[in-house]
Amino acid sequence: MPKINASTMAEHREHTYQALLDAVDSLILERGFDAVSMREIAERAGVSRTVIYNYASDKMALLTASVLRTAATLQRALLDAVADDGRSAPDRLKAVIEMLLTFASSAQNL
């Protein structure tokens, strides 16, 4: 019987999916896309290899989901940076530039 690591099945599925995406991110950064196998992704995420196929059809689907997750994070940060909360346009532009530099720096350090 599989180990459930959340209070609901929906939470468990989301936790597992995020663990798979985290595994893809870290393994690809370590060795490159072509060198990573589904078995290694499963091991890193702490699930059996067959579980992956409940979430994605193949490695490319996991990579695509990972890229979309990163893009959504960047989009939210950009929207926060440009929010018209009483700051001047130059101050909002400065916030966008600082956020992008921080994002680029953290991505480079991965």
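The model is predicted. Its largest nonpolar core has 17 residues, and the largest share of that core, seven residues, comes from H1. The structure also holds eight salt bridges.

**Nonpolar core**

- Within the largest nonpolar core, the residues with the most contacts are Leu20, Ile41, Ile52 and Leu62.
- Helix H1 (9-31), helix H2 (38-45) and helix H4 (59-82) each supply at least two residues of this core.
- In general, nonpolar side chains tend to be buried together in soluble globular proteins.
- Beyond its neighbours within four places in sequence, Ile41 is in contact with Leu20, Ala23, Val24, Leu27, Val36, Ile52, Lys59 and Leu62.

- H1 has 23 residues and spans 33 Å from its first C-alpha to its last, close to the 33 Å expected at 1.5 Å a residue.
- The buried residues of H1 are His12, Thr16, Ala19, Leu20, Leu21, Ala23, Val24, Leu27 and Ile28.
- H2, helix H3 (49-52) and H4 are among the elements that cover these buried residues.
- Val36 lies in the loop between H1 and H2 and counts as buried because its relative accessible area is 5%, under the 20% cut-off.
- Leaving out residues up to four places away in sequence, Val36 touches Leu27, Ile28, Arg31, Ile41 and Lys59.

**Salt bridges**

- Side chains of opposite charge can pair when their charged atoms come close.
- Arg69 and Asp22 form a salt bridge through their side chains, at 2.8 Å from N to O.
- This pair links distant parts of the chain, with Arg69 in helix H4 and Asp22 in helix H1, 47 residues apart.
- Both partners are partly exposed, Arg69 at 21% relative accessibility and Asp22 at 42%.
- Asp22, Asp25 and Arg69 are linked in a network of salt bridges.
- Arg31 pairs with Glu40 at 2.5 Å, N to O; Arg31 is partly exposed, with a relative accessible area of 38%.
- Asp84 and Arg92 also meet in a salt bridge, at 3.4 Å from N to O.
- In that pair Asp84 is exposed at 64% relative accessibility, whereas Arg92 is buried at 19%.

**Nonpolar surface patch**

- Leu93, Ile97 and Leu101 make a nonpolar surface patch of about 310 Å².
- Leu101 lies in helix H5 (residues 89-108) and is exposed, with a relative accessible area of 59%.
- The C-alpha atoms of Ile97 and Val36 are separated by 34 Å, and the two residues are 61 residues apart along the chain.

Definitions and conventions
Residues numbered from 1 in each chain as written. Predicted model: local features only at pLDDT ≥ 70, side-chain atom pairs only at ≥ 80, totals over all residues. Heavy atoms only, no water. Patch = residues over 30% accessible without salt bridge, like charges linked within 9 Å, V, L, I, M, F, W, Y side chains within 5 Å. Areas by Shrake-Rupley, 256 points an atom, 1.4 Å probe, with all protein chains shown as cover. Salt bridge = Lys/Arg side-chain N within 4 Å of Asp/Glu carboxyl O. Helix = DSSP H or I, 4+ residues; strand = E, 2+ residues; numbered from the N terminus. Buried < 20%, exposed > 50% of the residue type's maximum accessible area, 1.4 Å probe, protein only. Core = buried A, V, L, I, M, F, W, Y, C linked by side-chain atoms within 4.5 Å. Contact = heavy atoms within 4.5 Å. Expected span 1.5 Å × (residues − 1).
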